[in-house]
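Keep the structure in view while reading.

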Amino acid sequence: LEANGNLSEAARQLAVCVNDDDFVSPAGHSKHQLWMRLCDLCAKHPQEVSDTLKVDAIIRSGLARFTDEVGRLWCKLADFYIRLGQFERARDIYEEGINAVVTVRDFTTIFDAYAHFEESVLSIKMSQEKEDNDEDEDEDDDEDDLDVDGNDMELRLARLEHLMVRRPILLSSVLLRQNPHNVVEWHKRVKLYSDADDLPNVIRTYAEAVKTVDPAKATGKPNSLWLAFAEVYETRGDVDSARH
C-alpha cells in the first residue's frame, strides 16, 4: 500500500495490526517495529493520514507503551504538527516533552530537535526577508505569530536565545524528576539561579527542596539545604526569616 502511494490505507491497516494482540507479522516484524513504522508514517504524511486516524492519540499511546522510545516519539509528534504548519502546537509538544521526560538521553533528543526547529524557522524567515525585502507579508497566510508589520525576526531570534538560556534549568528538572531527593542536584539548581542573580527563584528553589527531600531517601545531607536556605536570608540581614 505504501509503495502504491495509498498512505492513508497503509496507516489504517498498520493501526489495526498494532491494536490486535493476536496479530503476527508474516515478515517477522515485532509490535515495537510496527508501532514505530506507524508513527513514522503518521509524522511524515500528516495530510494523508490525519483524516483517517487520530495521530496525536496514536503517538501518545506509543509513548505509554515504549518507554525506551520516548524522546523519538515526542519528536515525531512535534514533526506531525510542523508538517501541518501548526508551529505553535509543535512548540507546545516540544515543551510538554521536555517537561515530561526522565532521562538525559530523551531530554537531549527533544531539546536538540526543538532547537533545530527554531533555527530552521529563523533561517527561513531570514531568507524570505532577504529575497522579499520590499514586500509586505500577509499575516493571514502564516499560522505562526507575526507582529503587525509581519517583521517578527527579533521575536524568532529571542525565542531561540531564550530556549538555549533555559537549557541548564530544564536539564536540572530532568535530573530532579529522576531523583527528587538528590541534595547535590538541588544545590546545583540553586547555583544556576544564583549565578543569574535571580533571588526569587533561589528562595523558591530552596523552599521546594526542603519540602521535597525525604531525609530517609536523600542522597547527600538534607540539613545542608536548610543551612544554605537560612544563609540566604542572613546575608541580607533578614535574621527573623533565617530563624524560621
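## The main core

The largest nonpolar core has 44 residues, and Leu 38 and Trp 74 touch the most other members. A nonpolar core here is a set of buried Ala, Val, Leu, Ile, Met, Phe, Trp, Tyr and Cys residues joined through side-chain atoms within 4.5 Å. Buried means under 20% relative accessible area, exposed means over 50%, and partly exposed is in between (1.4 Å probe, protein chains only). At least two residues of this core come from each of helix H1 (7–18), H2, helix H4 (55–65), H5, helix H6 (87–98), helix H7 (104–131) and helix H8 (153–178). H5 gives the largest share, eight residues.

Trp 74 is in contact with Arg 60, Leu 63, Ile 93, Glu 96, Gly 97, Ala 100, Val 101 and Ile 110, leaving aside its neighbours within four places in sequence. Contact means heavy atoms within 4.5 Å. Another core, of 16 residues, lies apart from the largest one. Among its members are Tyr 193, Ala 209, Phe 229 and Val 232.

## Basis of the model

The model is predicted: local features need pLDDT of at least 70, side-chain atom pairs count only at pLDDT 80 or more, and totals for chains, interfaces and linings use all residues. Residues are numbered from 1 along each chain as its sequence is written, and side-chain values use heavy atoms, with hydrogens and water left out.

## Overall make-up

The protein has twelve helices and zero strands. Helices (H or I, at least four residues) and strands (E, at least two) are DSSP runs, numbered from the N terminus. Of the 244 residues, 37% count as buried. Among contacts with a separation of 6 or more, 57% join residues 24 or more positions apart.

## Helices H2 and H5

How do the axes of H2 and H5 cross, and at roughly what angle? The axes of helix H2 (residues 31–44) and helix H5 (residues 70–83) come within 7 Å and cross at roughly 25°. That makes H2 roughly parallel to H5. Axes are lines fitted to C-alpha atoms, for helices over the stretch in contact, and angles run from 0 to 180 degrees between N-to-C directions. Angles under 35 degrees count as roughly parallel, over 145 as roughly antiparallel, 65 to 115 as roughly perpendicular and the rest as oblique.

On the H2 side, the residues are Met 36, Cys 39, Asp 40, Cys 42, Ala 43 and Lys 44. They meet Arg 72, Leu 73, Lys 76, Asp 79, Phe 80 and Arg 83 in H5.

## Buried polar and charged residues

Asp 56 lies in helix H4. Asp 56 is buried, with a relative accessible area of 17%. Its side chain makes a polar contact with the side chain of Arg 89 (3.5 Å). A polar contact is a pair of N or O atoms within 3.5 Å; within protein, one must be able to donate a hydrogen and the other to accept it, and residues adjacent in sequence count only if both atoms are side-chain atoms. Not counting residues up to four places away in sequence, Asp 56 touches Leu 77, Tyr 81 and Arg 89.

Ser 173 sits in helix H8 and counts as buried at 16% relative accessibility. A polar contact of 3.1 Å joins its side chain to that of Arg 189.

## Two loop residues

Asp 152 lies in the loop between H7 and H8. At 2% relative accessibility, Asp 152 is buried.

Asp 197 lies in the loop between helix H9 (183–195) and helix H10 (199–212). Asp 197 counts as exposed, at 72% relative accessibility. Its phi is near 55°, a positive value in a residue other than glycine.
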